[in-house]
Amino acid sequence: MASGESKPGGGFTVTDRRAFSDSGEPRPETPAAPPAGPPAPEGGASEAGAPSAAALPAVDFHTFVLSLGSSALLHLGELEHPDAGGPHQDLALAKHTIDILAMLEEKTKGNLTPAEAKLISSLLYDLRLRYVETSKGK
């Protein structure tokens, strides 16, 4: 079925958004259609109460690494747990999150900008020190 055709008797349209045709030739640039569905409610939250995509930060390496770092701090008990109403320690989850960051650092070695490499190494250093201090206090 070609781009933009409706299936007879059906209630939807199939749009081919691939960059290349079946023969391998590049397709001409066409503006992307807005996603189907109801518009997002006012205030930046979806129906389920979660923030809309416009309210969330951009997805990039810095944001991802800092998100994992925040999770580790939460599990170390250094941030207030949103469900518990106060700090809550889970050293096993903290260690697991720190190990994920270490694996990410190892797997991305040589592919990061100097700023990204410094961010992940500094964050890992700080989280490892905090983990050791917290585990000694238990």
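Helix H1 (residues 61-75) packs against helix H3 (residues 114-137) at an angle of about 0°, and their axes lie 10 Å apart. Because angles under 35 degrees count as roughly parallel, H1 is roughly parallel to H3. The model is predicted.

**Contact of H1 with H3**
- On the H1 side, the contact is made by Phe61, His62, Val65, Leu66, Gly69, Ala72 and Leu73.
- H3 contributes Ala115, Glu116, Leu119, Ile120, Leu123, Leu127 and Arg130.
- By class, the residues of this contact divide into 10 nonpolar, 2 polar and 2 charged.

**Ala72**
- Ala72 belongs to helix H1 and is one of the residues that H1 brings to the contact with H3.
- Its relative accessible area is 0%, so Ala72 is buried.
- Leaving out residues up to four places away in sequence, Ala72 touches Ala94, Thr97, Ile98 and Leu127.
- Among these neighbours of Ala72, Leu127 is part of the H3 side of the helix contact.
- The C-alpha atoms of Ala72 and Lys95 are separated by 7.6 Å, while the two residues are 23 residues apart along the chain.

**Thr108**
- Thr108 sits in the loop between helix H2 (91-107) and H3.
- Thr108 has a relative accessibility of 16% and therefore counts as buried, the cut-off being under 20%.
- A polar atom of the Thr108 side chain lies 3.4 Å from the backbone oxygen of Glu105.

Conventions. Residues are numbered from 1 along each chain as its sequence is written. This is a predicted model: local features need pLDDT of at least 70, side-chain atom pairs count only at pLDDT 80 or more; totals for chains, interfaces and linings use all residues. Side-chain values use heavy atoms; hydrogens and water are left out. Axes are lines fitted to C-alpha atoms, for helices over the stretch in contact, and angles run from 0 to 180 degrees between N-to-C directions. Helices (H or I, at least four residues) and strands (E, at least two) are DSSP runs, numbered from the N terminus. Angles under 35 degrees count as roughly parallel, over 145 as roughly antiparallel, 65 to 115 as roughly perpendicular and the rest as oblique. Contact means heavy atoms within 4.5 Å. Ala, Val, Leu, Ile, Met, Phe, Trp, Tyr, Cys and Pro count as nonpolar, Asp, Glu, Lys and Arg as charged, and the others, Gly among them, as polar. Buried means under 20% relative accessible area, exposed over 50%, partly exposed in between (1.4 Å probe, protein chains only). A polar contact is a pair of N or O atoms within 3.5 Å; within protein, one must be able to donate a hydrogen and the other to accept it, and residues adjacent in sequence count only if both atoms are side-chain atoms.
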